[in-house]
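Student: I would like to learn how to read the features of a structure such as this one. Could we go through it together, one feature at a time?

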Amino acid sequence: MSNDARYITTPIYYVNDRPHIGHVYTTTLCDVYARAMRMQDFDLFFLTGTDEHGVKVEQSALAKGVTPQELADENSAEFRSIMESFHLTNDDFIRTTAPSHMSQVQHFVTKLLESGDVYLGTFEGWYDEGQEEYHTETNARDLDYTSPISGKPLVRATEQNYYFKLSKYQTAIEALYQSNPAFVRPESRRNEMLGRLREGLQDVPISRTNFSWGIPMPNDEEHVIYVWIDALFNYITGLGLGDVDGEWYKERKKYWPATYHVVGKEILWFHSIIWPAVLMALDLPLPKCIYAHSFWISEGRKMSKSLGNFIDLEKIESYVNEYGSDAWRYYLVTQGPLGATDADFAAEKFHDIYNAHLVNTIGNCASRVTAMIQKYFDGALPSEYNGDDRYTLGGVDWPSRCADAVERWQHSMDAFELDKAIHAAMDLIRDVDLFINDTAPFKLAKDETKQGELGAILYQCLETLRIASTMLKPLLPEKMEAFHQAIGITNKSDAGCNTLDWGYLKSGTAIQKVALYPRIEMSAAT
Ligand code: MSP
């Protein structure tokens, strides 16, 4: 991987479910990071897709009277279409039923058989049928022998299967967690995994014989590869790492190892223990960070279809239609469960955040500044300088204030601290508002002799807003681009679209008055 290459992934989504807020949330987080990296000219690859094998897909297809492939085709297409309709800028959309993925998985499993990391054996354990997941005795006891997801009892299951020698990697995984404390984030999730590591790692089955909808074991057609192993490989098959002839995705190999695998907390075990062990067994570099977010609940309760608080696609669309796609992204990313605790999706809170942050902060400040340039300078951007010293105005050194904010933004984006990155931009906007109150341009406008000072103040305000809006563009692409258009950055290939350096705007540029985010009354629709 070159220094400039970055690779971010979402989990791949099960096709036996319909898209909902959980899927859109994880993908939106990755999208914001991807856009921010591209904006800074990093060579970035963003992958999402669908997880299409497994007993649940086979059973749902049977119940519907279609083939598993037909069901997978239909539901995968729906996931793909939400990426497009929500402007999620993934570079590819992987499907685990694609021949390129399937043959690469077989290649990797063959290697694991050859190295002895996969072997045939017998297993007995507590199985969660809904999640297709085994639990250790201790874990099963803690869960009261009930699935934490479906609430159904865990069942005692015995199988002859192929196993992955996870136990062999106990020491290596412990060493990984010690030497790289940021391998799993946030820290509370890392501690959970350390706790599970202390229980001791046991070998895990990686094949099944009780259904056929999966990738066959390369050496034994009776067995299909366990859906979780099949799915985890997507992160490297999508880059062609298992392509023996080297023809597939040649240009993508440079993206491995991943910068971030972004996942939900319930699937961290697979990503932060099993996946690195598999990669170690294959002698492949490890991802840099597994970031596990928490869950959305809705109106204070766990989301459920029967409670009527489920945020499904239709519900998401009603918010997007009413408040706009920027507002939806803003709420998701700034109010969401990026940290250790679950977050509440509540209609009233959505409405309040929209008004307080987008209407009253960003929208109001942008309209205030552009309106004054219209009114006092006929819409032509005045000059940056007031005589020989711009910095005495209101006591703020705006170029260095902006440079500090940009540095904070860059650092936080890089570290996937999206909330902090957004704060850096929002704080700048709030400071512009305070600066306007302090310097009172509307009073200066009444004094003919203060024209230079007035112009210089408005220049500082608009240039600072341009920089803040550029930092917000990965989160709010729609309206920040509209704002750029209004302040004379009309060409998308224009350096002004992305530059975070002070002084891009030139005096004399025609500036239009903007109204970015309309005030909206709270309706019953959402
Ligand atoms: N197919 C597996 C992942 C395999 S990755 C190698 C899977 N798929 S899933 O369709 O269930 O989607 C999981 C993603 O949706 C996770 O990131 C999960 O956290 C997210 N969400 C599902 N419900 C959620 C909430 N209520 N809130 C936030 N995200 C949650 O697991």
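**Reading contacts, burial and a ligand shell**

Tutor: Leaving out residues up to four places away in sequence, His101 touches Ile94, Arg95, Thr96, Ile215, Asp230, Phe233, Asn234 and Thr237. Please keep in mind throughout that the model is predicted.

Student: Where is His101 found, and is His101 buried or exposed?

Tutor: His101 is found in helix α4, which covers residues 99-115. Its relative accessible area is 1%, and because buried means under 20%, His101 counts as buried.

Student: How should I read Asp51 in the same way, and which residues does Asp51 touch?

Tutor: Asp51 lies in strand β3, residues 43-51, and is buried at 3% relative accessibility. With residues up to four places away in sequence not counted, Asp51 touches Ile12, Tyr13, Tyr14, Val15, Thr96, Val227 and Ala231.

Student: Which residues are closest to the ligand, and how many surround it?

Tutor: The ligand is surrounded by 24 residues, of which Ile12, Tyr14, Asp51, Gly264 and Trp296 are the closest.

Student: Which side chains place polar atoms by an oxygen atom of the ligand?

Tutor: A polar side-chain atom of His23 lies 3.2 Å from an oxygen atom of the ligand, and for Thr26 the corresponding distance is 3.3 Å. In the side chain of Glu266, an N or O atom is 3.1 Å from a ligand oxygen atom. As for cover, the ligand taken alone exposes 670 Å², and the protein buries 93% of that.

Student: What should I look for in a nonpolar core, and which residues touch the most other members of the largest one?

Tutor: In soluble globular proteins, nonpolar side chains tend to be buried together. The largest nonpolar core here has 105 residues, among which Trp328, Phe345 and Phe416 touch the most other members. Helix α13, residues 347-377, supplies the largest share of this core, with 13 residues. Beyond its neighbours within four places in sequence, Phe345 is in contact with residues including Ile21, Trp296, Trp328, Tyr331 and Phe350. A second, separate core has 57 residues, including Tyr177, Val227, Tyr235 and Ile274.

Conventions:
Residues numbered from 1 in each chain as written. Predicted model: local features only at pLDDT ≥ 70, side-chain atom pairs only at ≥ 80, totals over all residues. Heavy atoms only, no water. Near = heavy atom within 4 Å. Polar contact = N/O pair within 3.5 Å; in protein donor to acceptor, adjacent residues only side chain to side chain. Areas by Shrake-Rupley, 256 points an atom, 1.4 Å probe, with all protein chains shown as cover. Core = buried A, V, L, I, M, F, W, Y, C linked by side-chain atoms within 4.5 Å. Buried < 20%, exposed > 50% of the residue type's maximum accessible area, 1.4 Å probe, protein only. Helix = DSSP H or I, 4+ residues; strand = E, 2+ residues; numbered from the N terminus. Contact = heavy atoms within 4.5 Å.
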